[in-house]
Structures are given as structure tokens and as C-alpha cells.
Amino acid sequence: AWTGRIAGAYRLSPNFRMHASLGSAIQNPTLTDYYGYYGRYRGNSDLKPAKSLGGEIGLLVETSDKAHSIDVTYFARNVKNFIADNSTYTGVINLEGTTKVRGVEVAYKGKLTKSLTSYTNYTYTQTKNNLGLELARRPKHAGNIGLAYQITEKFGADANVSYVGKRIDTYPQRTKMSSYTLANLGVNYQVTKNVNVYADLNNVFNKKYENILGYGQEGRNVYVGLKGSF
């Protein structure tokens, strides 16, 4: 399959910049979609790839010193042959008609002091299949907010909170899943010009949540890593 994308931006003034993109994409069925994975969940060898056409248009507003910026973007996507569960949830089919995704994203980034930076983003997403039903596992509301503090020239810290709103899952039946909020902490140290050591404490309050109905996610966890650039 051939897919393509074109994007561009135009600065209206020192404080305003418009940006837009348009592109096509393809999603092939998985092995599970084609062949199933246990007796009751049957494969569908007649599946076609899902093909989509979508784009976005937005406006970036910056202060004269570039210390603060806010970006508002509208996005939309139309999908043909969307791959979804069948009516009995025993396999997948290609939906007839057009499946539509629409939404708006707002992102802010600001330098509060010489050492303290804040950032936040919020996304509203509306999804509808050919029958006008909401797509599975797509929250209408999602967002993040955080602070990054450069303690010394080499040592930095970060704290952020992420929110995922209510959404629908479809197996074994259409079920509304609860929203959840996670808090995360991180530190990093620039050992040399090319080497950075970091540690992240994720899900600080050990929140229990699910992204897929019946499958719990990680509780409180720590990642320590080494990052290099050349």
C-alpha cells in the first residue's frame, strides 16, 4: 500500500504561527484477527486493511521572548473498513461505511523562572463508528500537567500528573470504564556532555486501573536508566 503525508507551517507574525498537515494511513489485520487465538474467538481470513485519511490544523501563539507558548490544534480522521469486534465478540469484522475521529488538543509550555518550567496539555476526542457508537478504549478527555525544575546545572527533577477519562470497552459486553489519574516523579543527572542518568518513580500512589477491561496495569514502579547521545 502507498501512504503519504504533507505538512507545513506559516508564521503570520512574530507571535503567531499556523500549521497544518494532511495524510493517509493503513492498518493491517493482526495474526489474531486473521486466525483467532482460542476455540471461541475465530479468525476472519476475509478481513481487509483499514485505510484512513486525516489531517490537522492549528495555531501556535508565543510571547515575544518565547518563554510561553500555547498551541491549539483541531484534528480529524475518516477510516474505511475499520477493524472492530463482531456483534457476539467472537471475532472481528470490517465495519461498513465511515468511522470518524474528531478532536481538539490544547498544549501549553512556559518558563516560570530561570530554573522552573511548566507544561500541560488537554485532548478532547470524539469517535463514532458507522452506527454512531463510540469506539472502544478511546477516552473523550485526557490530559497531563507537570513541572520541571533544574536544581543545578547538571541535576534536574520532574513531577507530573496524567488523567485519562471514562471510556467504553466492548468485551465481553459494552462497559463504561472508570477514569483514573496517575502521579509520577523523576530525576536526572548529566554525568557528561553525552551521558545522562535518570530515575523515574511512576504511579506514586499505587493507583489500580485498567486500560483493557480485565487486565490490570502496573502499580507503583521504578525505572533507572542511562541515556547517551553521540
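**Strands and their partners**

Guide: Strand β12 and strand β15 (residues 180-190) pair in the antiparallel sense, over ten bridges. Within this pairing, A159 stands opposite L185 in β15. Please bear in mind that the model is a predicted one.

Visitor: To which strand is β11 (residues 141-150) joined, and by how many bridges?

Guide: Strand β11 is joined to strand β12 (residues 155-164) by nine bridges, and the two run antiparallel. β11 and β12 form a hairpin, with four residues between them.

Visitor: How many helices and strands does the protein contain?

Guide: The protein has one helix and 19 strands. Its C-alpha trace spans about 60 × 45 × 35 Å along the principal axes. Among contacts with a separation of 6 or more, 50% are between residues 24 or more positions apart.

Visitor: What share of the residues counts as buried?

Guide: Of the 230 residues of the protein, 28% count as buried. As a general idea, nonpolar side chains in soluble globular proteins tend to be buried together. Here the largest nonpolar core has eleven residues: Y41, L47, A50, V79, F82, I83, A84, V92, L95, V101 and L135.

Visitor: Is T99 buried or exposed, and why?

Guide: T99 counts as buried because its relative accessibility is 1%, where the cut-off for buried is under 20%. T99 is found in strand β9 (residues 98-111). Not counting residues up to four places away in sequence, T99 touches R77, N78, V79, F82, K128, N129, N130 and L135. Of these, V79, F82 and L135 belong to the largest nonpolar core.

Visitor: Where is T127 found, and which backbone nitrogen does its side chain reach?

Guide: T127 is found in strand β10 (residues 116-128). The side chain of T127 reaches the backbone nitrogen of L135 at 3.1 Å. With 7% relative accessibility, T127 counts as buried. Leaving out residues up to four places away in sequence, T127 touches K100, V101, L133, E134, L135 and R138.

**Rings and a charge**

Visitor: How is a pair of aromatic rings described?

Guide: Such a pair is described by the distance of the centres and the angle of the planes. In this structure, a search of the whole finds three aromatic pairs. One of them is formed by Y34 and Y35, at 6.0 Å centre to centre and with 50° between the planes.

Visitor: Why does this pair count as tilted?

Guide: Planes under 30 degrees apart would be stacked and those over 60 edge-to-face, so the 50° of Y34 and Y35 makes the pair tilted. As for accessibility, Y34 counts as partly exposed at 27%, whereas Y35 counts as exposed at 63%.

Visitor: Which residue lies over the face of Y198?

Guide: K227 lies over the face of Y198, at 5.5 Å from the ring centre.

**Sequence and space**

Visitor: How far apart are G36 and S115 in sequence and in space?

Guide: G36 and S115 are 79 residues apart in sequence, and their C-alpha atoms are 53 Å apart in space. G36 has its place in strand β3 (residues 36-38). G36 counts as buried, at 17% relative accessibility. Apart from neighbours within four places in sequence, G36 is in contact with L31, Y41, R42 and G43.

**Positive phi**

Visitor: What is the phi of N81, and where is N81 found?

Guide: N81 has a positive phi of about 60°, although N81 is not a glycine. N81 is found in the loop between β6 and β7 (83-85). With 28% relative accessibility, N81 counts as partly exposed.

Note on methods:
Residues numbered from 1 in each chain as written. Predicted model: local features only at pLDDT ≥ 70, side-chain atom pairs only at ≥ 80, totals over all residues. Heavy atoms only, no water. Phe/Tyr/Trp six-rings, centres within 6.5 Å; stacked < 30°, edge-to-face > 60°. Buried < 20%, exposed > 50% of the residue type's maximum accessible area, 1.4 Å probe, protein only. Lys NZ or Arg CZ within 6 Å of the ring centre and 35° of its normal. Contact = heavy atoms within 4.5 Å. Polar contact = N/O pair within 3.5 Å; in protein donor to acceptor, adjacent residues only side chain to side chain. Pairing = 2+ DSSP bridges. Core = buried A, V, L, I, M, F, W, Y, C linked by side-chain atoms within 4.5 Å.
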